[in-house]
Amino acid sequence: MTDATLKDTAVRRRISLPAIPVSVALAITWIVAMLVIAAFAEKIAPYGFTQLDLRNRLSPPGNVAHWLGTDELGRDVLSRLLVSIRISLLIAFGATAISAIVGTTLGFLAAHFRGAVEQLVLMLTDFQASMPFLIMALAVLAFFGNSLPLLIGLMGLFGWERYARIARGLAISANAQGYAAAVRQLGATPSRIYLRHILPNIASTLIVSTTLVFPEVILMESGLSFLGLGVQPPMTSLGNMVGYGREYLTRAPWIMLAPATTIVVTTLAVSVIGDWLRDRLDPTLQ
């Protein structure tokens, strides 16, 4: 082989994209489709999600006017499903972002101050891990009532202790390495050290943790809505639709099957992407 051929082969290897398994490609396609639906739900939906069609009550799927059928009030299941995807993803993304920010911040504070602050953060993480979150959520929602901002904020308290432990351990390890000490000696402030230097180096681990928390948030919101303490009518969510459809499981199973299938496939897709990212970003597996 000539030198030109060897150089061309080397360049192609450097610029070649990593092979993506079929399962991961399907999972990414599904998540992108869910995001597009969430962004344009009202434009895609053939009807308003509260619009009634009493002449077609409990119409089965396959109807020309209602592809996924209707419920007992004649509301279009497809239209309600599209809006439910938007609400459930809004809650999941909002809660996951809050959980990641709170947990990472507390982890950095524990790593920076050590001593009493570190012990306090570790005590809070142990308390959070030992507390049944579903019971706490039920108590808070029953006492303070329900609203979408309150639900997102409450769900944001789920899983933050994982971020705190990961951020604390990795930040302590980073502080012991040369690059953090060198930047500190140059006079950089603690916030600059943690946000500009340490955070980018531990971001891959936090991203993988996010893909683990995200599906759990979806399932938790679905469980609360199923129990009637999540999203309240006339607003709808995937868990709300499942809880509503259980009363018609024998007569009109399509009311519950459509949102239930969406929940299962979405959480599975996020988990598949998370496993793939973990393998890709873990240097020990390269």
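The model is predicted: local features need pLDDT of at least 70, side-chain atom pairs count only at pLDDT 80 or more, and totals for chains, interfaces and linings use all residues. Residues are numbered from 1 along each chain as its sequence is written, and side-chain values use heavy atoms, with hydrogens and water left out.

The chain contains twelve helices and zero strands (DSSP runs numbered from the N terminus: H or I of at least four residues for helices, E of at least two for strands). Its C-alpha atoms fill a box of roughly 75 × 65 × 30 Å along the principal axes.

| Property of the chain | Value |
|---|---|
| Buried residues (under 20% relative accessible area, 1.4 Å probe, protein chains only) | 39% of the 286 residues |
| Contacts (heavy atoms within 4.5 Å) between residues at least 6 apart in sequence that join residues at least 24 apart | 70% |

The largest nonpolar core has 64 residues; such a core is a set of buried Ala, Val, Leu, Ile, Met, Phe, Trp, Tyr and Cys residues joined through side-chain atoms within 4.5 Å. Helices supplying at least two residues each include α2 (22-39), α4 (77-113), α10 (190-226) and α12 (254-281). The helix that gives the most is α4, with 14 residues.

Met155 and Ile198 have the most contacts inside this core. Leaving aside residues up to four places away in sequence, Met155 touches Ile91, Ala95, Phe133, Val217, Met220, Glu221 and Leu224.

Terms used:
Buried means under 20% relative accessible area, exposed over 50%, partly exposed in between (1.4 Å probe, protein chains only).
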